[in-house]
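Thank you all for making the time this morning.

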Amino acid sequence: MTLKTLPLSEDGTRLSYREAGEGAPLVLIHGVGMQSAAWAPQFPALSRRCRVLALDMPGHGGSSPLAVDAELPDFVAWLDRALGALGLGLVSLAGHSMGALIAGGYAVTHSEKVARVALLNGVFRRSPEARAAVEARAAELHAGDVDIAAPLLRWFGEDRGHLTARESVAGWLAEVSPRGYATAYGAFSRGDDIYADRFAAIRCPLLALTGDQDPNSTPAMARAMADATPEGRALVIEGHRHMVNLTAPDRVSQALIDWMETPSTVEVTS
């Protein structure tokens, strides 16, 4: 996969992304604190079948940040600008965590541009207690209190069986811009129900995937997202938590291949 940079506007705003393969475009969006390299385990299998583009989210990797008070709809608007700058028409869209919120919001608001959407470890209508906890973490980040150990514990638990994945994630968290991290996490903390009531507008095949041990992006959330859409399907991978694309890479890659092979009426009629 090749790392590339593209200007998004004349003011110097830029998009950084990784690309490989040819054919119909599949766009991947990572989660808060990560970067496009987090999709590396999926690139070999997916790029043999389509053109894969993994985007660096605003304020992450090499992409320019959004305003510090940006909310989820601002990230959705950023995605529309990015896809336009890349010259992509109809796309398949997959996101992880915050990327899943962006992808879901985009599928709701730009349904005519999305052939299919996959939401990995997404959040959907948090409980009041869960929302309070994530908003408290967002406030800490905005205050400059960045703790790498806490998200690693949430995402991997006490299991030391995925040491390489844990070390990679720790490295990306250490590299991310504190401003970009805080901005994205703030939008993430307040974004779980912004588009939730409009999921029925998603016209394309939807895959909602998570790990059965993910305490925040729960199997119940995945099933609720799938049930809220006309062509939704939930997949729960047993024995894994939040970073399932890194800890169960082959199973996630195969799930995405199966999803990409799902016929799309949007694809046919566009």
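Let me start with arginine 131, which is partly exposed, with a relative accessible area of 25%. Please keep in mind throughout that this is a predicted model.

Which residue does the side chain of arginine 131 meet in a salt bridge? The partner is aspartate 192, at 2.9 Å from N to O, and the pair links distant parts of the chain, since arginine 131 lies in helix α4 whereas aspartate 192 lies in the loop between α7 and β7, 61 residues apart. Aspartate 192, for its part, is buried, with a relative accessible area of 2%. The contact also belongs to a network of salt bridges, in which Arg126, Arg131, Asp192 and Asp193 are linked.

Arginine 126 takes us from charges to rings, because its charged end sits over the ring of phenylalanine 188, 4.7 Å from the ring centre, which is within the 6 Å cut-off for such a contact. Phe188 in turn forms one aromatic cluster with Tyr181 and Tyr185.

A search of the whole structure finds three aromatic pairs. One of them joins tyrosine 181 and tyrosine 185 in an edge-to-face arrangement, with 6.3 Å from centre to centre and 80° between the planes. These two tyrosines are four residues apart in helix α7, residues 178-189, and so they are separated by about one helical turn. Both tyrosine 181 and tyrosine 185 are buried.

Let me return to the charged pairs. In general, side chains of opposite charge can pair when their charged atoms come close.

The side chains of arginine 125 and aspartate 197 meet in a salt bridge at 2.4 Å, N to O. Arginine 125 counts as partly exposed at 43% relative accessibility, while aspartate 197 is exposed, at 66%.

Finally, glutamate 19 and arginine 51 meet through their side chains in a salt bridge of 2.6 Å, N to O. Here the link runs between strands, with glutamate 19 in β2 (residues 14-20) and arginine 51 in β4 (residues 51-55), 32 residues apart. Glutamate 19 is buried, with a relative accessible area of 11%, whereas arginine 51 counts as partly exposed at 23%.

Definitions and conventions
Residues numbered from 1 in each chain as written. Predicted model: local features only at pLDDT ≥ 70, side-chain atom pairs only at ≥ 80, totals over all residues. Heavy atoms only, no water. Phe/Tyr/Trp six-rings, centres within 6.5 Å; stacked < 30°, edge-to-face > 60°. Buried < 20%, exposed > 50% of the residue type's maximum accessible area, 1.4 Å probe, protein only. Lys NZ or Arg CZ within 6 Å of the ring centre and 35° of its normal. Salt bridge = Lys/Arg side-chain N within 4 Å of Asp/Glu carboxyl O.
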